[in-house]
Amino acid sequence: MTGTRQVRPDASSRTTLGKAADENFPVAPFFLPRAWRDDLMAVYGFARLVDDIGDGDLAPGGADARHLGVAPEQAGDRLALLDAFETDLLRVFDPADGAPRHPLLRALVPTVERCRLTPEPFLGLVAANRQDQLVRCYETYDDLLAYCELSANPVGRLVLGITGTATPERIRRSDEICTALQIVEHLQDVAEDLGRDRIYLPAEDLKRFHVTEDDLARPTAGASVRALIAFEADRARALLDAGAPLVGSVHGRLRLLLAGFTAGGYAALDAIAAAGFDVLPGPPKADKPRLMRRAGAVLLAARREG
C-alpha cells in the first residue's frame, strides 16, 4: 500500500499541529488506540492548516506556500493558496500527478487509505475557507447553518469514518454537535472575527436585537449584544442536546472521545454564560474542572440512554 511511510513534519507543520492544545475539546486524547490517535491528528493537521490558510495565520517564513508551489509574490493571496492546497489535496486521493507536496497532506495519505475516506469532507472544508474569503456575513440563521455544513460537519463525519462507526443516524447527530461547536466558536470569537472583517452572527438577528457593527466593536458588550449572544448560545445548546444521544450510541473509548467533544461545547457555553454573555473582551474559555464535570454529565446521560 502506498503512502504508509511516516512523514517527518517540518517546523511549520509542527506549529500547525501544536494548536491542538488550544481547542475547546481534546483532539486525540491519550486513551485512544495509537492508530486512531495518528489518524485523528492527520485529519486535524489538514483541517487546522486549511483554516490557517483561510485566516491568514500560517507560520512565518512562507514554508507552506513553498510546499504548495505558490510563487512568493502570491504567498499572501489566500484564494491562490487555497486553490493550490486543493490541488495538492486531490493528490492524496489520486497520485497520478505525484505524491502530495505538503508534509501534512503526505501524512494524510495512510489515514485515507486505511480508513477508506472519500474526498468530499476534505473538499467541504476547503470550500468553507474559500467562502470565508468571499462572504463577509450571513443574512439568516439558515445561511449560517449551510456554511457550517461545509466548515464543521465534515470533521465529525471524518471521525466516524476513522473509527468505522458511520451510520445515517450517527451522521445526523454528529452534524448537530459539530454545527453547535462551530456556533460556539463563533460566539467566543466575535471580536476576533470582526477584526478579520467577518461576522458570523446572522444579520436578521442583529436587526432583531438592535445590534450594530459598532456595538460589536466596543471593548465590552452592552445589554443588546449580551441578549443576542444569549439567544445564539441557546440555539447552540439546543443543537448539542439534539446531538448528544450520539455519545450513547457508541461504546468504549469512542464514547469517551465523543463525550469529550460534546462536553467541550457545553463547557464553553457555560463559560460564555459565566461571563454574562460578554464575549467582546476576549473569548470566554472553560477551565479543566468545568470541562471534566460536563464530560461526566454527558457520560452519565449516555449510560442511561445506552
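The structure is a predicted model, in which local features need pLDDT of at least 70 and side-chain atom pairs count only at pLDDT 80 or more, while totals for chains, interfaces and linings use all residues. Residues are numbered from 1 along each chain as its sequence is written, and side-chain values use heavy atoms, with hydrogens and water left out.

**Confidence**
- The average pLDDT (the predictor's confidence in each residue, from 0 to 100) is 92 for the protein, and 91% of the residues score at least 70.
- Residues 1-6 stay under 50 in pLDDT, and the model gives them 8 contacts beyond four places in sequence; contact means heavy atoms within 4.5 Å.

**Helices α4 and α7**
- Helices here are DSSP runs (H or I, at least four residues), numbered from the N terminus.
- Helix α4 covers residues 78-93 and helix α7 covers residues 119-134; their axes come within 10 Å and cross at roughly 175°.
- Axes are lines fitted to C-alpha atoms, for helices over the stretch in contact, with angles from 0 to 180 degrees between N-to-C directions.
- The two helices, α4 and α7, are therefore roughly antiparallel to each other, a label given to angles over 145 degrees.
- On the α4 side the contact includes L79, L82, F85 and L89, and on the α7 side it includes F122, L123 and V126.
- Sorted by class, the contact of α4 with α7 has 11 nonpolar, 2 polar and 4 charged residues. Nonpolar here takes in Ala, Val, Leu, Ile, Met, Phe, Trp, Tyr, Cys and Pro; charged takes in Asp, Glu, Lys and Arg; the others, Gly among them, are polar.

**Cysteines**
- The disulfide count is 0, where a disulfide is a pair of cysteine sulfur atoms within 2.5 Å.
- For C115, the nearest cysteine sulfur is that of C178, 17 Å away.
- C178 has its closest cysteine sulfur in C148, at 9.9 Å, which is too far for a bond.
- C115 is buried, with a relative accessible area of 15%, and C178 is buried too, at 10%. Buried means under 20% relative accessible area, exposed over 50% and partly exposed in between (1.4 Å probe, protein chains only).

**Two buried residues**
- T179 sits in helix α10 (residues 168-188) and is buried at 6% relative accessible area.
- Beyond its neighbours within four places in sequence, T179 is in contact with L145, C148, A152, N153 and L239.
- L299 lies in helix α17 (residues 288-305) and is buried at 18% relative accessible area.
- Leaving aside neighbours within four places in sequence, L299 is in contact with R255, L256 and A259.

Methods
Angles under 35 degrees count as roughly parallel, over 145 as roughly antiparallel, 65 to 115 as roughly perpendicular and the rest as oblique.
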